[in-house]
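Thank you all for coming; I would like to walk you slowly through one structure today.

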Amino acid sequence: VTGVQPCALPIYMLGYGQSDDGDFTTEPRLVVQPRVLKEMLDGLGIERASFVGNSLGGTTSLAFAADYPERTNRLVLMGPAGFLYPPVYHPEPSEGHRRLAEAAANPTPEAFRALAAAMLYDPSVMSEETIAARVAVAQQRLRNKAAAPPAAKNVPERVLREELHKVAAETLIIWGKDDRVNPYEIGIQLMRDLDDATMVIFKNCGHWAQTERPKEFNRIALEFLAS
């Protein structure tokens, strides 16, 4: 991060963790999320930043870099852009996306174990304590949603693929070869469409490279961000 003392900030996106749900009924989430991120940086006095994002977090980082190239330094993206490209070698929706929908609709320990099995090459790295914590958050979000007034149907998603030429940030794409959420063929297409991108693929690794290959991921990401 530049413009302030160098630091790292973990961020809950709207609709995740302890954040608000956000209103995506009049604008696409990939328009709202980058704008909210910019407002957060403005409030913190951060002029320019690098972003590390997994899955939708990575896709949101791409959208931010397209909207605010002057505010973006570098990008580290793990398995993003799942809905930017039509499937080539995998079914749609993917197994991982089906498990995500099932766990969101019925957040039980069994559903989250099935989700972990789809997310990870080796689901044993997901402890029962972590599963219980995720179930508790998901159940609370489901209760909050049930108590809220019914929302209008979401507007069509932003076609970010057509705007990737706006991304000027040097980008490191990291993927698990055994990703069953967003298969690595998506990353190859993304690398093709970005002006300045490098891709690393980990074998025996699923959708969470930062969890399954932490030493390699940290080394590669930190070297890229520091270079």
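Predicted model: local features only at pLDDT ≥ 70, side-chain atom pairs only at ≥ 80, totals over all residues.

Let me start where E95, G96, R99, L100 and A103 of helix α3 meet A111, F112, A114, L115, A118 and M119 of helix α4, where contact means heavy atoms within 4.5 Å, and where helices (H or I, at least four residues) and strands (E, at least two) are DSSP runs, numbered from the N terminus. Sorted by class, this contact has eight nonpolar, one polar and two charged residues; here Ala, Val, Leu, Ile, Met, Phe, Trp, Tyr, Cys and Pro count as nonpolar, Asp, Glu, Lys and Arg as charged, and the others, Gly among them, as polar.

Residues are numbered from 1 along each chain as its sequence is written, and side-chain values use heavy atoms, with hydrogens and water left out.

How do the axes of α3 and α4 cross? The axes of α3, residues 95-105, and α4, residues 109-119, come within 9 Å and cross at roughly 160°, which makes α3 roughly antiparallel to α4, a term for angles over 145 degrees. Axes are lines fitted to C-alpha atoms, for helices over the stretch in contact, and angles run from 0 to 180 degrees between N-to-C directions.

Helix α4 also meets α5, residues 128-147, with axes that come within 9 Å and cross at roughly 115°. The α4 side of this contact is P109, F112 and R113, and the α5 side is E128, I131, R134, V135 and A138.

Now, let me turn to single residues. N182 lies in the loop between β3 and α6, and is buried at a relative accessible area of 2%, where buried means under 20% (1.4 Å probe, protein chains only). The side chains of N182 and H97 are joined by a polar contact of 3.5 Å, that is, a pair of N or O atoms within 3.5 Å; within protein, one must be able to donate a hydrogen and the other to accept it, and residues adjacent in sequence count only if both atoms are side-chain atoms.

Lastly, R71, in the loop between α2 and β2, counts as buried at 12% relative accessibility. The R71 side chain reaches the backbone oxygen of E47 at 2.6 Å.

Methods. Parallel < 35°, antiparallel > 145°, perpendicular 65-115°, else oblique. Buried < 20%, exposed > 50% of the residue type's maximum accessible area, 1.4 Å probe, protein only.
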